[in-house]
Amino acid sequence: MSHLRSLQSPLRARWLLVYLGIASAGLAELTGCTAGQYDIADCSVSAQTLLSDTCRELNADPNGCSLFQCNTGTGRCEQRPRDFDRDGDPDSACGGSDCDDNNPAINGMGAGKCACSPTSLSQTCSKGVGACKREAQYVCKGNVLNCPATAAAPQDWGNSPDPVSKSWDRDCDEQVTSACCYTNSNGSRLCVSCDVLACSSAISAAVAGNDATTACTEYCKPKDKTTCPQAGTPQFVRCQSDCGSNLAICYCQWDKGTLGLDIGGSCKPQPNMAGVIDRVNCR
């Protein structure tokens with residue numbers, strides 16, 4: 001029995017040494033890890049951008065500025081400023097000098113020197129004027145500063161002049177246009193381009209005096225059957241070009257006269273559409 005016990009003791013000692021050796025090797029491996037660096041044996045990049053970087057799996061936000069990226073020389077995933085095109089120069093938005101981080105031929109170094117400075121890229125730009133004006137931040141495309149903003153027409157122009165430009169661009173072609181505005185059947189304020197008419201003295205006096213009935217009667221009366229506007233179509237009787245000047249909005253209709261046979265027919269104000277006096281809006 002004592003002989004068996006003497007055999008077991010060396011065996012226990014040997015297994016203990018093996019266990020301690022494994023534990024110490026594991027600790028040595030762990031102490032080799034440092035903050036921001038992780039060993040991944042198969043770290044690789046199959047193309048030029050970070051989309052093919054196997055380390056991108058570690059990034060919670062792929063658009064963030066501090067990303068895990070593969071160092072193909074060491075086989076490690078290293079956390080550093082975003083360099084999407086992997087040209088060695090981080091994005092200017094992340095502290096680097098690369099103004100176009102989608103193009104490896106353009107960066108802040110050597111022959112591919114950026115023409116778009118970080119200062120320029122931090123500025124806002126705009127397209128359109130007046131109520132069409134839209135703003136965006138400059139971007140760099142092909143090493144050329146580019147404004148991605150697009151002019152856009154609002155649904156409802158409103159009836160107040162633009163406080164900045166005092167003008168408007170009705171169709172968003174970046175050309176200032178004055179307009180005639182009115183309230184349509186659903187209550188929205190709409191504006192369309194309109195010309196200054198060669199108003200008769202009677203029409204001019206009625207418009208200036210806020211007399212829509214007389215203004216519309218005088219406007220419709222001279223027209224024959226071919227020139228009388230279609231019923232329900234607003235006619236903008238604008239006698240002066242000044243912003244804020246009076247404007248008559250009239251609706252005409254052809255009256256077929258006696259027995260509806262066009263005998264004595266005439267163009268008259270539409271009975272169920274009363275004319276109104278409004279103002280010329282400029283935006």
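How much space lies in the largest pocket?

1. Basis of the model. The structure is a predicted model, in which local features need pLDDT of at least 70 and side-chain atom pairs count only at pLDDT 80 or more, while totals for chains, interfaces and linings use all residues. Residues are numbered from 1 along each chain as its sequence is written, and side-chain values use heavy atoms, with hydrogens and water left out.

2. Largest pocket. About 280 Å³ of space lies in this pocket. A pocket is an open set of points on a 1 Å grid over the protein atoms alone, where a 1.4 Å probe fits, with protein on both sides within 12 Å along at least five of seven lines; lining residues have an atom within 4 Å of a point. The volume is the space filled by probe spheres set on the points, which are joined across faces, edges and corners.

3. Lining of the pocket. Of the 15 lining residues, Asp91, Ser92, Cys99, Leu121 and Cys140 are the closest to the centre. Helix H2 (118–121) and strand E6 (139–141) each supply at least two residues of the lining. By class, the lining has seven nonpolar, four polar and four charged residues; Ala, Val, Leu, Ile, Met, Phe, Trp, Tyr, Cys and Pro count as nonpolar, Asp, Glu, Lys and Arg as charged, and the others, Gly among them, as polar.

4. Gly95. This residue is placed in the loop between strand E3 (76–81) and H2. Gly95 is exposed, with a relative accessible area of 71% (exposed means over 50%, buried under 20%, partly exposed in between, with a 1.4 Å probe and protein chains only). The C-alpha atoms of Gly95 and Pro118 are separated by 9.5 Å, the two residues being 23 residues apart along the chain.

5. Helix H4. In H4 (residues 212–220), the buried residues are Ala212, Ala215, Cys216, Tyr219 and Cys220. Seen down the axis of H4, these residues fall within an arc of 120°, so they line one face of the helix. The arc is that of the directions from the helix axis to the C-beta atoms.

6. Overall composition. The protein has four helices and 14 strands, taken as DSSP runs numbered from the N terminus (helices H or I, at least four residues; strands E, at least two). Buried residues make up 31% of the 283 residues.

7. Confidence. The average pLDDT (the predictor's confidence in each residue, from 0 to 100) is 75, and 67% of the residues score at least 70. Confidence is lowest in helix H1 (residues 2–31), at a mean of 45, and highest in H4, at 96.
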